[in-house]
Amino acid sequence: MGTDITGHRSDGNLTDFWRDLPKRQISLLLTAPIHRMETNKTRYEGYKDHDIRAYALRTLEAVINAMALEQGATEDEIISDLARFIREVSKNEPSEARKIAEWVVAELVNDDERRLPFKEAYLSRNEDGIRRRAFSFRLLDQIYDPNDPNNHPFRATPEALHLYIGVLLLEIEDEQRARESLMEYHLKHNNLESTRLNADASLKATLAYEQKLKTAIDIASRDINQIAWARDIIPQLNDARNHIGERQESMGHIRERLRAKASELKAESVHTLESVSALVDACLSRNRKLLSVIIGANDRYRDAAESQGLRSHLIGISRSLILEIAQPLLKTQLRHWGPNEQIALTGYLAGTMDRRVFDFNGFIERMLQSPREEEALPDLAVDEKTRLEIVSGLFSDEDINYVDEFLLTYEGTIGSALILWESENASMEKRELLILKALQEFGNSTNEISRASKTGKMIETATYKMDDLKWKTN
Amino acid sequence: MEDELESNVLAEPVSNIAYDVGRLVSYVLRSKARPAGEAVYADLLKRYESDSKFRTIADGVLEGMGFRILEICELSGLVVAPESSSPWAFRNADFRSGMSVEERLIFGSLSVMIAAYLFPAPEKLEMENSVYPGTLVEDEFLKFASSTSKALGAHAETDPEWGRADLLEVWRLIVDRAAETNSERLTHKTLRGMIHHLCLFLCEQGLFTTEDAKAGKYRPTPRFRVMVRDLAQEQWYALIKKVRGGEHA
């Protein structure tokens with residue numbers, strides 16, 4: 001099949017060269033930051049004789065190993081490990097070695113550019129012609145540790161994992177399959193050391209796959225309400241589920257073979273076999289966890305989609321509590337109230353708690369108001385007086401006192417108020433219990449609750465007054 | 001649809017749903033609550049994500065209270081922002097009472113610059129929530145604020161899009177105050193002092209944590225990224241991003 005000068009074959013498709021060029025360039029570009037570090041080292045006194053590329057790879061090795069053990073490595077651990085390595089190869093003083101180690105890690109997270117992704121240009125061709133495009137990627141990230149807000153362990157990105165395990169031109173899924181086949185082959189031929197090396201590579205490929213998938217899910221989850229999520233992510237999740245199923249089957253098979261092999265081996269090989277088994281178990285364990293992440297993401301999507309379907313048929317989402325869900329309840333309790341009054345009451349109840357919620361954007365907006373706007377726009381937050389004005393449109397003065405007495409005393413919230421409505425037919429004990437439970441959970445002071453429990457009467461009175469109020473409004 | 005809703009609601013007493021929604025709301029209102037640190041919050045969030053009825057009620061309650069839901073994430077939970085008319089909306093006096101217009105504008109500008117400093121480009125904002133964006137050190141930020149204000153001031157003079165007259169004055173004030181700043185003095189009259197005050201305030205609001213108080217070093221929390229994503233739609237952030245991107249520099 002011939003090709004023409006435009007880079008297309010006679011059938012109109014791109015030639016293999018142009019089709020594969022972006023991927024091949026990206027493989028090269030991933031190493032660019034490390035080469036740049038090697039070049040830039042001359043700017044720093046005393047760095048000239050150091051092999052920065054080796055240090056960068058050593059850093060990735062330490063981070064990836066920590067990831068495989070499911071323990072993130074802290075900044076200090078990574079820097080200390082690298083500093084030790086630098087001292088071994090260069091005989092530098094500890095403080096000098098540490099300084100170089102800190103620089104290497106800072107470069108790998110791109111601290112100089114305030115941790116923006118690295119950006120490299122590459123050439124691609126499509127129906128619009130030849131274009132220079134930018135490829136953005138990161139190598140090393142620090143992440144938040146959900147269990148310790150002061151800890152930020154390091155994580156290698158999927159690109160760094162690809163780079164490190166040398167699968168630049170392969171899809172990571174293919175790498176996983178290839179490693180498993182090689183393990184089977186070497187195991188069959190009793191070459192345990194090669195089996196171990198491939199098991200190690202397989203675990204790293206499993207990590208790379210895990211990072212790739214988690215990144216996709218994480219980013220997509222933020223846009224869970226967008227239709228594109230269904231189109232783009234669900235097929236990926238289904239493929240991932242199948243892929244992991246295959247990996248588990250294949251690894252399970254390898255584990256069985258390893259067990260069978262154990263009885264045939266000489267004593268000196270047992271240790272290697274145990275290492276292989278540990279690596280295989282680690283792959284199986286990580287894949288099991290990844291599978292649950294995928295299933296969870298799938299469920300979240302399903303619910304989001306259901307919820308969207310539900311919402312699209314309903315009017316006024318901001319009123320969803322009253323108009324959509326609580327309506328059956330409110331029909332019997334507050335049927336004579338219009339939705340606006342119900343919403344106003346919701347706002348009123350919310351306002352009974354003296355709490356402000358900070359919003360960075362709103363804060364900036366208020367701070368940057370021009371002096372003229374400031375004069376024209378009074379602070380819109382509802383103060384005590386305004387709240388009473390809102391509610392006075394709904395209740396008589398006497399009623400306001402009832403509501404205030406109960407709600408202001410106990411900082412009642414929407415939840416407790418709804419419980420009150422709902423508990424109309426419940427026994428007094430049940431009502432009291434519900435109210436107390438609500439108060440406790442809504443973060444009121446335990447002293448106050450305990451005082452209220454002791455007297456009991458206050459709650460009872462408030463409940464009666466609430467009932468009275470409902471009766472009147474009915 | 002109504003029948004369906006009614007039957008769903010009947011399946012679980014509304015009191016139970018409302019009770020759990022109330023508990024969720026109480027966590028949402030605490031800006032420092034973290035799902036990882038509180039199992040009940042994590043369970044409620046799980047329910048929010050997996051139970052569409054529950055979520056519809058919770059969304060309705062929050063919206064009824066005057067909140068916009070910004071994002072839900074494993075690290076910071078359900079992040080909301082009050083509408084300006086919400087009784088929950090933050091007031092200027094909650095930040096600091098008796099501020100002059102000038103001080104208010106400087107604090108506002110510094111806030112935008114903090115966002116642009118930690119998230120200088122959309123690519124960084126779009127990273128996964130789990131990625132830590134790096135620290136802010138007061139002294140380094142001071143230099144950044146000064147150079148950014150200088151650039152903004154220069155452009156504002158020739159380009160009306162680059163700021164109102166009062167903001168033009170603010171850029172100049174920041175540059176002047178930065179030049180006068182003695183890092184030993186942390187009063188609110190110095191730019192260094194104002195930056196310090198603002199960082200401590202962001203710590204109080206659960207957007208920063210202190211890494212090293214003496215060095216003036218802070219860590220942004222995951223909640224901060226969510227808030228800045230919201231801010232990124234606004235002209236203020238775009239303004240500073242332009243300077244950083246060098247489009248007008």
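The largest nonpolar core holds 69 residues. A nonpolar core here is a set of buried Ala, Val, Leu, Ile, Met, Phe, Trp, Tyr and Cys residues joined through side-chain atoms within 4.5 Å. Buried means under 20% relative accessible area (1.4 Å probe, protein chains only). A:Tyr55, A:Leu82, A:Val104, A:Leu108, A:Leu139 and A:Val280 touch the most other members. Helix H3 of chain A, residues 52-68, gives the largest share of this core, 10 residues. In soluble globular proteins, nonpolar side chains tend to be buried together.

This is a predicted model: local features need pLDDT of at least 70, side-chain atom pairs count only at pLDDT 80 or more, and totals for chains, interfaces and linings use all residues. Residues are numbered from 1 along each chain as its sequence is written, chains are lettered from A in the order in which they are written, and side-chain values use heavy atoms, without hydrogens and water.

Now take A:Leu108. Beyond its neighbours within four places in sequence, A:Leu108 is in contact (heavy atoms within 4.5 Å) with A:Ile34, A:Met37, A:Ala56, A:Thr59, A:Phe118, A:Leu139 and A:Leu140.

Turn to chain B. It has 12 helices and five strands, taken as DSSP runs (helices H or I, at least four residues; strands E, at least two) numbered from the N terminus. Of its 249 residues, 61% count as buried. Three strands of chain B form an open antiparallel sheet, ordered S3-S5-S4. Strands pair if DSSP finds at least two bridges between them. S3 (136-137) and S4 (208-212) of chain B are the edges. S3(B) pairs with S5(B), residues 217-220, over two bridges. B:Val137 has B:Lys217 as its bridge partner.

Methods: Buried < 20%, exposed > 50% of the residue type's maximum accessible area, 1.4 Å probe, protein only.
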